[in-house]
Amino acid sequence: MSKKPTPRALDDFDRAILRILQKDNKTPQRQIAERVNLSAAAVQRRIAAMENAGVIASNTAVVNVQAVRMSITAIVEIRLKDERIETVDNAKKLFHSAPEVQQCYYVTGGISFILIVIAPDMSTYEEITRRLFAQNDSVASYRSLIALDRVKAGSTIVIP
């Protein structure tokens, strides 16, 4: 489960720094400082403050799925047998702990969860569906949508 950010008022400098870091978090702080008209030390302090507040949740590498031969991207709709707190919490824990689940959303609208699952091939994907869904007594049904093309995938957000 994601860390909830501690409230922190972002100013225009923070927003400008976030826009740069979302595009490339390896941008040297001195370059960021030049682009936002602050000192490198001020940029460093602001980045640390945003990390501590949970505004910057993590610094990760975006891996090209084709380069590592992960050719199956599945969008999976999960419908639980019931929406009791224990059932939902157990499903959240299971999906969160599964390394093949890239993203997991608890949603409304008749479906309980939407997952993005990455696998190298269909036989591996079948094993994942058996382990996470078919053998799971809490899952009433699931439906897999296999992506034909990854048109856009990312985690950047618009910083107002």
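Which helix does E86 lie in? I looked there to get started, and E86 turned up in helix α4, which covers residues 85–97. A reminder to myself: this is a predicted model.

**Entry 1: E86**

Buried or exposed, I asked of E86? It counts as exposed, because its relative accessibility is 53% and the cut-off for exposed is over 50%. I also checked E86 against R15: the two are 71 residues apart in sequence, and their C-alpha atoms are 39 Å apart in space.

**Entry 2: the whole chain**

Next I stepped back to the overall layout. I found five helices and four strands. Going along the sequence, I wrote the order down as α-α-α-β-α-β-β-α-β.

Then I looked up the dimensions. The C-alpha trace spans about 55 × 40 × 25 Å along its principal axes. The radius of gyration is 19 Å, whereas a compact globule of 160 residues would have one near 15 Å.

How much of the chain counts as buried? I got 30% of the 160 residues. The accessible surface comes to about 10900 Å², and carbon and sulfur atoms account for 52% of that.

I checked contacts too. Taking those with a separation of 6 or more, I found that 63% are between residues 24 or more positions apart.

I noted 22 positive and 17 negative side chains, with the centres of the two sets 5 Å apart.

Why do I call β3 largely enclosed by the rest of the structure? Because six of the seven residues in this strand (residues 113–119) are buried.

I followed its pairings one at a time. With β1 (residues 72–80), β3 pairs in the antiparallel sense over seven bridges. I picked out two of the opposite positions: A119 in β3 is the bridge partner of I72, and F113 in β3 stands opposite I78.

With β2 (residues 101–106), β3 also runs antiparallel, and five bridges join the two. Here I noted that Y105 stands opposite I114 in β3. These two strands form a hairpin, with six residues between them. In the turn I came across G109, which has a positive phi of about 100°.

**Entry 3: strand β1 and its other partner**

I went back to β1 and found it mostly covered, with seven of its nine residues buried. Besides its bridges to β3, β1 pairs with β4 (residues 139–146), again antiparallel and over seven bridges.

Most residues other than glycine have a negative phi.

N37 is not a glycine, yet its phi is near 65°. I found N37 in the loop between α2 (29–36) and α3 (40–52). Its relative accessible area is 65%, so N37 is exposed.

Where is R69 found? I located R69 in the loop between α3 and β1. Its phi is near 55°, a positive value, and R69 is not a glycine either. R69 counts as exposed because its relative accessibility is 71%.

Technical notes:
Residues numbered from 1 in each chain as written. Predicted model: local features only at pLDDT ≥ 70, side-chain atom pairs only at ≥ 80, totals over all residues. Heavy atoms only, no water. Rg over C-alpha atoms; globule rule 2.2 N^0.38 Å. Buried < 20%, exposed > 50% of the residue type's maximum accessible area, 1.4 Å probe, protein only. Contact = heavy atoms within 4.5 Å. Areas by Shrake-Rupley, 256 points an atom, 1.4 Å probe, with all protein chains shown as cover. Lys, Arg positive; Asp, Glu negative; His and termini not counted. Charge placed at Lys NZ, Arg CZ, Asp CG, Glu CD. Pairing = 2+ DSSP bridges.
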